[in-house]
Amino acid sequence: MEPTPSKEEIFVRLFEEAKKRWGNEVAQKLKSDIERASEAIWQVEKFKLESENEPSRPPGRV
Amino acid sequence: MNNHRLSIAKASEGIRQREITPSELLESHLKRIERNEHDIRAWVTVDKDGARDAAAKLTEESKQGQFRGPLHGMPVGVKDIYYTAGLRTKMGSPIYSDFIPEKDSAVISALRDAGAIIIGKTETTDFAYTDPAPTRNPWNLQHTPGGSSSGSAAAVASGMCPLAFGSQTGGSVIRPAAFCGVVGMKPTYDLISRDGVYPLAWSLDHVGFFVRSVRDASLVMGVLRGNEMPSLDNSLAEPPRIGVLRGFFQDYADDVVWEGFMESVDELREAGAQVVETPLPDSFSVVHSAHRLIMSSEAASVHQDNFRSRLGDYRRKLRGLVASGLLVPASAYLRAQRIRGRFIEEVRWTLKGLDCLITPSAPTPALLGLESTGDAAFNSPWSLTGFPSVTVPSNLTKDGLPLGVQLVNLPYQEEALLSTALWCEEALGSRLWPPDYP
């Protein structure tokens, strides 16, 4: 099984994608936002879930 | 008589008894806006003519003995992301500087039917995210009123209107309400239609509103729900059982907030509440990350087209949110939604046997300066669950800034939540008016 990527690996992947989309100058300005997104992705990826944990249905839609 | 100080309940009774007309009530609030708006900057648009026309019609109706209900003749402010037919709706952004909707949002339509008078549109942060609006806090003009519903909170706090609508995706109702010393209510997700409210993140966006008392909140909920909310009189047979959340909330709160909060909890206990130390659910450790990923992914989808063609019109914080959301993989978004589902179930369990959970309404009092609207970390978990929450003013810091307590209950338990909130409001005895705007 593929191991959960590290925070740094996630950041590099997102940052390279940002450079491809918007160029290096814009990507540099977005660095702190990309770091925040990487941290959030890493946190949710490493949190253990069971197969019965389905995506939520917000209560108002029941 | 200072009509601007009347609660909705009192003003409504006055209109019903023909002691005051909707036009008189409106003029009091327009005068109040004229006097204070230069300082506070709560409004994008004040529709004096439209409001006066509506008030004249409603005054005529009351003279003929017609009374539409508790909002008959009540002046209302509306966050400038709600579509208002014929009235410019900017979303706080130059991208929509000329946008005039053809129809009302569902809430506005319901309010007009109930006899409310739309007095104007209140300031919002850009697209209801966190790039600040120009609004100042009536308690201290050097401080933020919070956001994103900045103008609505400040307008109610300074007596410019007795009711204003906002929205909450993270903490955009509860936090500004607490910063401005008023009651803020966020009903269950989608209980109140979001139709015609510009989205930030569909699955997190809530309609919410600001008033000066819990009783007024109950009247407004009644109107929004087609008068299904009974009166709160004597509705709580015995003091409530309240679950205090510590852990993250204690660690993350400023000392002044936590001390003020514990004083409030002690007051509630002394008044007879059963206060129960309640552990945070396991999944709480990742709820802020899950909220962030869902909000950024959905905001990216909302803004994708404008982002391509009008990038220069996006301010720094929203630009960062949308750009990072465009980079989030679908699998991470779905995993965040799965964590959300788990958290919802765990909070249901946590609430078993309790009338509500209680936390401080924000980690800080209103921050000095207008650069930041504050931190939504104490509110976003409940936006993630979609459960109803309400903030009640609790006390003042030594610097004279308001603090609030946030109460949370299960979905569709608005009536029970407001009954508990009323009990807490009476126990805390802290209905507040800013000293410079009495």
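**Note on a predicted two-chain model**

1. Start with helix α11 of chain B. The cover over its buried residues includes α1 and α2 of chain A, together with α10 (287-309) of chain B. Keep in mind throughout that this is a predicted model.

2. How many of the 12 residues of α11(B) are buried? The count is 10, so the helix is largely enclosed by the rest of the structure. The buried residues are B:Leu318, B:Arg319, B:Gly320, B:Leu321, B:Val322, B:Ala323, B:Ser324, B:Gly325, B:Leu326 and B:Leu327.

3. The length of α11(B) can be checked. The helix runs over residues 316-327. At 1.5 Å a residue, its 12 residues should span 16 Å. Its end C-alpha atoms are 17 Å apart, which agrees.

4. Next, the contact between the chains. Chain A gives 23 residues to it, and chain B gives 30 residues. On the chain A side, α1 (7-29) and α2 (31-46) each supply at least two residues. The largest share of that side, nine residues, comes from α2(A). By class, the chain A side that touches chain B has 13 nonpolar, four polar and six charged residues.

5. Now look within chain B. It is divided into domain 1 (3-224), domain 2 (241-285 + 339-428) and domain 3 (286-326). The centres of domain 1 and domain 3 of chain B, taken over C-alpha atoms, are 27 Å apart. Their contact takes 16 residues from domain 1 of chain B and 14 residues from domain 3 of chain B. On the domain 1 side, these residues divide into nine nonpolar, five polar and two charged.

6. One helix pair in chain B deserves a look. Helix α2 (residues 22-40) and helix α3 (residues 48-63) of chain B pack at an angle of about 150°, and their axes are 7 Å apart. That angle makes α2(B) roughly antiparallel to α3(B), because angles over 145 degrees count as such.

7. Which residues of α2(B) meet α3(B)? They are B:Pro22, B:Ser23, B:Leu26 and B:Leu30. Their partners in α3(B) are B:Lys48, B:Ala51, B:Arg52, B:Ala55, B:Ala56, B:Leu58, B:Thr59 and B:Ser62. The contact of α2(B) with α3(B) has seven nonpolar, three polar and two charged residues.

8. B:Gln406 sits in strand β11 (residues 402-408) of chain B. Is B:Gln406 buried or exposed? It counts as buried, with 29 C-beta neighbours inside 10 Å; the cut-off for buried is 20 or more. Leaving out residues up to four places away in sequence, B:Gln406 touches B:Ile174, B:Ile358, B:Thr359, B:Pro360, B:Ser361, B:Phe378, B:Asn379, B:Ser389 and B:Thr391. B:Glu27 lies 379 residues away along the chain, and the C-alpha atoms of B:Gln406 and B:Glu27 are separated by 34 Å.

9. A cis peptide bond joins B:Gly147 and B:Ser148, with omega about 10°. B:Ala128 is also found in the loop between β3 and α5 of chain B. Its phi is near 65°, a positive value in a residue other than glycine. B:Ala128 counts as buried, with 28 C-beta neighbours inside 10 Å.

10. Finally, inspect B:Met91, in the loop between β2 (75-79) and α4 (106-113) of chain B. B:Met91 has a positive phi of about 60°, although it is not a glycine. With 21 other C-beta atoms within 10 Å, B:Met91 is buried.

Key
Residues numbered from 1 in each chain as written. Chains lettered and ligands numbered in written order. Predicted model: local features only at pLDDT ≥ 70, side-chain atom pairs only at ≥ 80, totals over all residues. Contact = placed C-beta atoms within 7 Å. Helix = DSSP H or I, 4+ residues; strand = E, 2+ residues; numbered from the N terminus. Nonpolar A, V, L, I, M, F, W, Y, C, P; charged D, E, K, R; others polar. Axes fitted to C-alpha atoms, helices over the stretch in contact; angles between N-to-C directions. Parallel < 35°, antiparallel > 145°, perpendicular 65-115°, else oblique. Expected span 1.5 Å × (residues − 1). Domains from an automatic or database assignment.
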